[in-house]
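Q: Could we go through this model together, starting with charged pairs and then moving on to helix packing?

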Amino acid sequence: MNIYDYVDNYGIYTFDEKPITLVDKVIFSFLSYVNFQGIVKYNKITIKEAGRIHLGMHKLNEVNIIAVKEAHKLLRYIKDTNRYKDCLLYNYIYEGTENLQFGVICIEFQKNKVFVSYEGTDQLISGWKEDIVLAYRTNTLSHKKAIRYLNRFFTFTNKQLIIGGHSKGGNLALVASMYSNFLVRSQIKEVLNVDGPGLLDVEFYSREFKKILPRYKHIVPENSLVGMLLNNANETVINTTISGPITHNIAYWEIKNDKFVLTKLSKFSEELRKDILHWLTVTHKNDIRKLAKNFQNIFESAGVNSLIDIKKKKRLVFELVEESKNMDPEAKRVLINFLKMVVKSYGDTYIDEVKNKIKDYVD
């Protein structure tokens with residue numbers, strides 16, 4: 001059973017009739033990927049109405065990355081159910097430029113009970129740049145905005161808050177909860193990081209993290225990739241119906257009755273986390289910063305601002321591989337692995353073509 005089966009089975013119950021579950025929280029963490037521009041801002045609007053308007057503004061098969069497409073599909077699937085239709089959406093903010101990708105929305109599922117959902121990395125390359133920056137610093141522009149958001153909207157309220165997000169959004173949820181003011185922290189009942197990066201040592205062993213730790217949960221699929229980045233704690237591992245990087249998509253997480261099916265991390269994910277933490281330990285911060293800068297420069301030189309650019313202009317992949325010849329070996333390896341993940345969404349013939357091109361520069 002997957003999240004859509006869960007909605008079929010339990011969508012008939014309101015949150016008053018059946019309390020919120022971990023599956024509901026994971027669904028809410030994904031809704032922040034939806035493009036609510038022109039639909040939600042500071043106004044309160046039900047999921048039913050927002051879904052209806054969204055249906056008229058966007059086509060389901062619009063070109064986009066997997067997470068955004070899945071979130072659009074999920075919104076339309078839940079919008080008419082008893083469970084979700086009357087949930088209120090408000091305080092939606094989205095900023096997307098060449099230097100920043102940040103999104104967040106409030107979902108009030110019961111009176112004075114709010115899920116604050118931070119968006120993960122969408123199609124903009126700026127979001128992926130920030131993911132790399134996490135390897136050497138936490139104080140990114142998105143982090144500052146995430147903290148400011150909680151302080152702005154919840155300092156003088158009396159809400160019960162669940163702060164969460166998927167992928168980079170999970171990391172934003174964690175950091176925002178750690179560094180929000182004490183009035184906001186007193187309202188936070190739970191912090192949910194859904195397959196997102198963790199923290200560098202300096203934050204992981206900080207007083208701020210220790211204060212939030214009893215309310216913190218890290219949810220990952222058994223073959224997690226993004227969730228293995230940096231230090232983490234209080235981990236729950238979910239069984240998936242497929243394997244590989246695509247398990248980052250919650251649509252493949254297995255559910256029985258109203259709960260996720262639990263399992264252990266795969267050997268691949270365990271070794272990946274170990275290798276990443278070791279690499280961060282032995283690599284100088286300036287070298288990590290240099291790698292991130294090289295990664296950014298390679299996309300700028302090819303005129304790539306979003307993953308959609310790569311999807312629409314497939315020859316850009318070849319240009320990016322060509323550019324990698326002048327990068328240092330570590331930066332080249334990161335770029336090549338990233339491109340391999342992107343082209344998995346293309347047809348088999350194209351994947352083989354790219355593999356052959358990549359082989360010329362890696363061997």
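Q: Is E235 buried, exposed or partly exposed?
A: E235 is partly exposed, with a relative accessible area of 29%, where buried means under 20%, exposed over 50% and partly exposed in between, using a 1.4 Å probe and protein chains only. This is a predicted model, in which local features need pLDDT of at least 70 and side-chain atom pairs count only at pLDDT 80 or more, while totals for chains, interfaces and linings use all residues. Residues are numbered from 1 along each chain as its sequence is written, and side-chain values use heavy atoms, with hydrogens and water left out.

Q: And which residue meets E235 in a salt bridge?
A: The side chain of E235 meets that of R273, at 2.5 Å from N to O; a salt bridge here is a side-chain nitrogen of Lys or Arg within 4 Å of a carboxyl oxygen of Asp or Glu. E235 lies in strand β8 (residues 235-238) and R273 in helix α11 (residues 267-282), so the pair ties together parts that are 38 residues apart in sequence. Helices (H or I, at least four residues) and strands (E, at least two) are DSSP runs, numbered from the N terminus. R273 counts as buried at 18% relative accessibility.

Q: How many salt bridges does the whole structure have?
A: A search of the whole structure finds 13.

Q: Switching to helices, how do α1 and α2 pack?
A: Helix α1 (residues 3-10) and helix α2 (residues 22-31) pack at an angle of about 120°, with their axes 11 Å apart. Axes are lines fitted to C-alpha atoms, for helices over the stretch in contact, and angles run from 0 to 180 degrees between N-to-C directions.

Q: Which residues meet there?
A: I3, Y6 and V7 in α1 meet V23, D24 and I27 in α2, contact meaning heavy atoms within 4.5 Å.

Q: Is V7 buried or exposed?
A: V7 is buried, with a relative accessible area of 4%. Leaving aside neighbours within four places in sequence, V7 is in contact with I27, Y77, I78, T81 and Y84.
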